[in-house]
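Here is a friendly walk through a structure that may be new to you. Take a look at it first, and then we can go through its parts.

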Amino acid sequence: MFNVFEIAGKVSLFGARALAESFRRPFEGGQIVRQLADVGSKSLPLVIASGFALGAVMTLHTRTTLVTFGAAAVIPTVQAFAFFLEIGPLVTALLVAGRVGSGIGAVLADMRATEQIDGIESLSIDSFKFLVVPRIIACTLALPILTLFMDFSGLLGGFLSESAASGLSFQLYIFRAFSEFQWSNFWPPTLKTCVFGFVIGTISSFFGYTMNEGAQGVGKAATNSVVISSLLIILLDVLLIKLIFFIFPGSAL
Amino acid sequence: MTPGDSPAVIFDQVSKSFGAKQVLNNVSWNIPAGSALCILGRSGTGKSVTLKLIIALLKPDQGKIWIDEDEVTHLSASKLSRVRRKIGYLFQDAALFDSLTLYENLALPLQRLTNKSLEEIDFVIDQVLGQVGLANDKAKMPSELSGGMRKRAGLARALMLEPKILLADEPSSGLDRITASEIDELLLRQKADRKTTLIVVTHDVHGARRVADRVLVLDRGKMIAHGSVSEIEHSENETARRLIGSDG
């Protein structure tokens, strides 16, 4: 138990240091762009495919029930609310934790094992600022963008599923999807994924950067990154939803 | 030490442990600027740790380490960065950044630590790659380089900032005798042309005999011999004589 608190403390300090370093020169613009491209290219196909499939499946499931109650017209609305409020942010974060978080943990642990991090330090370059900070910033920036892709691909999957079943037009589907929608339903859930991104970047970088167990540590860092990031994302989601309801009471349906 | 030469590196009663294992125990030595020191010893006797202590990648538990006028064990990050710029480090496995091309690996320290223009950086990289015989390989990724090429690439990176002190960790390990000799030649040329101080950790007695002005022998964390090759050959310590290849 003591070990859990010790690691929690170290991760918190690690994240705080990254936050402070991100406002200090040099800003590592090139590295941030490189990492952003890496996070995006690794995750985007997975996010779009998952969103599309989830959207189609969700419509198939909800349709039966809603038609029974004569509420087939609200299928697009349910789909939009479900994706923009919860499914999009949460599933995107979990996918990125699995796809990118494990990669960050493994890459940094491998760099530690093969003395690449020592190599950077020996060149008078701050390895934390060069390797860790850009990865955390990239995850933080990429998550909301990827979430939007998840949201809209989910809507597209839902539309195709609904269209095949009822012949609903695209214009009417979109109109019904967003007829009850407010900005407070869109911005807070989307922007909360920045927190998820920060968590994924920080946890993964922490386990990779501080791992010092040679080749064996690479797998361990990757596993720890995914497991701890995913767990924290789910727990933080509860807190962030309560916070959003507190700040935007109208969004609490 | 040759009269008039100031020491480039001083180890003063340095000790270092990892958990219960004491790797260095009260070790003291120094090396005059512009000369070459080879550190010999059996595996696990603190040779690589010695190099990492010099460049402050590790901190000693006790003792002081001087690089020119700076005592490196208690320097601030900015002062340590200034001291490290005087030092080049050839890692055992080269430690090239595997996500960057050879050119990008070499350009990195110049881009970040100097005000050189892109043309000047290109010129320096071409010059150094020419010295190490990799002029046509700068677009390659580290994974595309052979063991000997990686070593030479690592040496090229270590030389990019024209260091006053060059640390080399097993520069000939895993290489055939001819390639190892080429690496030794590069080190000696660096010493002759730029008066670079060389500190080389090696198991290659042949290479040590070619490169070293002085030899330091470590065994079980202690310095058991320090002197010229001929002095080590006639050392009273049997392990030192065996390591230099004059006994047994």
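Predicted model: local features only at pLDDT ≥ 70, side-chain atom pairs only at ≥ 80, totals over all residues.

Residues are numbered from 1 along each chain as its sequence is written, with chains lettered from A and ligands numbered from 1 in the order in which they are written.

Helices (H or I, at least four residues) and strands (E, at least two) are DSSP runs, numbered from the N terminus. Axes are lines fitted to C-alpha atoms, for helices over the stretch in contact, and angles run from 0 to 180 degrees between N-to-C directions. The axes of H5(B) (residues 147-159) and H6(B) (residues 177-194) come within 10 Å and cross at roughly 10 degrees, so H5(B) and H6(B) are roughly parallel to each other. Residues are in contact if their C-beta atoms, placed from the backbone, lie within 7 Å. Here is who takes part:

| Helix | Residues in the contact |
|---|---|
| H5(B) | Gly148(B), Lys151(B), Arg152(B), Leu155(B), Leu159(B) |
| H6(B) | Thr179(B), Ile183(B), Leu186(B), Gln190(B) |

Now for the sheet. Strands pair if DSSP finds at least two bridges between them. Chain B has an open sheet of 4 strands in the order S2-S1-S4-S5, with antiparallel pairing. S2(B) (21-32) and S5(B) (70-71) are the edge strands, each pairing on one side only. S4(B) (residues 62-67) is joined to S5(B) by 2 bridges, and Trp66(B) has Glu71(B) as its bridge partner in S5(B). Lying across S1(B), S2(B) and S4(B) is helix H1(B) (residues 47-54), which runs at about 120 degrees to S1(B).

How do the two chains meet? The contact takes 14 residues from chain B and 10 residues from chain A. On chain B's side, H2(B) (77-84) and H3(B) (102-113) are the elements that give two or more residues, and H3(B) gives the most, with 4 residues. That side divides into 9 nonpolar, 1 polar and 4 charged residues (Ala, Val, Leu, Ile, Met, Phe, Trp, Tyr, Cys and Pro count as nonpolar, Asp, Glu, Lys and Arg as charged, and the others, Gly among them, as polar).

How values were computed:
Contact = placed C-beta atoms within 7 Å. Parallel < 35°, antiparallel > 145°, perpendicular 65-115°, else oblique.
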